[in-house]
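Welcome! Take a moment to look over the sequence and the 3D model, and then we will walk through a few parts of it together.

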Amino acid sequence: MLLTFGDFVLDRAARQLRRGQEALRLEPKALELLDLLIGRRPEAVSKQDIRDRLWPDTFVSESSLTGLVGQIRQALGDDPKQPRFVRTVHAFGYAFSGEASEGTPARVPIGQPAARVIWGKWVLPLLAGENVFGREEDARVRIESSGVSRRHARIVIREGEATLEDLGSKNGTFLGERRLEAPARLADGDIFRLGREIFVFRNSASDDATATEGK
């Protein structure tokens, strides 16, 4: 069964979240959580109900759940301060706040896609404003890699222009082969590196399906 919301499709059978033809990075537990929230919309789901569903008879820390929510928001380009899809219900749990329908959308929106980065086989959407890359849970673009600092770098997008800046990382931020000492402007197709992790910046309407097949 397909669940459609906004520009996204949750394919339950394939266990995949897509935006157009792009498969978005989301681990199995995060997919299960998104499916649960959409299925219970507009009802808020308590943290205890979520734990019972995702980790039955198992104790997990609060950070495990917040980490999954962060992954979902990152994949959807959802701002926790002004959420379109996943709303935090303080001291209780979470709710899906968007409109969703079953089946394939009758019309797929066509036009200039949002800026994004390609990391291996994953496509990571970027929002206007500041996009922090790092290992910390509230990083807008969370990168789980030992060579990436908790707050490693950021891409700032304003008025259609993007700049890349290192945030004092241990292993450095590189644009091409140049280690950044100051913010640098990004162009479509630029390759940059956080430690050993390699990314491609895209802001054009070109189809990156072939580029996301993975390393």
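Which residue takes a positive phi near 60 degrees in the hairpin of β9 and β10? Here is the answer, along with its surroundings.

## A hairpin and its neighbours

Gly 120 takes that positive phi, in a hairpin with two residues between the strands. Strands here are DSSP runs of E with at least two residues, helices are DSSP runs of H or I with at least four residues, and both are numbered from the N terminus. This is a predicted model, in which local features need pLDDT of at least 70 and side-chain atom pairs count only at pLDDT 80 or more, while totals for chains, interfaces and linings use all residues. Residues are numbered from 1 along each chain as its sequence is written, and side-chain values use heavy atoms, with hydrogens and water left out.

Strand β9 covers residues 116–119, with Arg 116 and Ile 118 pointing one way and Val 117 and Trp 119 the other. All of these are buried, meaning under 20% relative accessible area with a 1.4 Å probe and protein chains only. β9 pairs with β10 (residues 122–125) in the antiparallel sense over four bridges; two strands pair if DSSP finds at least two bridges between them. In this pairing, Val 117 stands opposite Leu 124. β9 also pairs with β19 (residues 197–202), antiparallel over three bridges, and there Arg 116 stands opposite Arg 202.

## An open sheet

Five strands form an open sheet in the order β4-β3-β2-β1-β8, with antiparallel pairing. Its edge strands, β4 (22–23) and β8 (101–102), each pair on one side only. Within the sheet, β2 (residues 8–11) and β3 (residues 16–19) share four bridges, and Asp 11 stands opposite Gln 16 in β3.

## Two packed helices

Helix α2 (residues 47–54) packs against helix α3 (residues 62–76) at an angle of about 90 degrees, with axes 11 Å apart. The axes are lines fitted to C-alpha atoms over the stretch in contact, and angles run from 0 to 180 degrees between N-to-C directions. That makes α2 roughly perpendicular to α3, a term for angles of 65 to 115 degrees.

From α2, Lys 47, Ile 50, Arg 51 and Leu 54 meet Glu 62, Leu 65 and Leu 68 of α3, where contact means heavy atoms within 4.5 Å.

## The whole protein

The protein has three helices and 19 strands. Of its 215 residues, 45% count as buried.

How values were computed: Buried means under 20% relative accessible area, exposed over 50%, partly exposed in between (1.4 Å probe, protein chains only). Angles under 35 degrees count as roughly parallel, over 145 as roughly antiparallel, 65 to 115 as roughly perpendicular and the rest as oblique.
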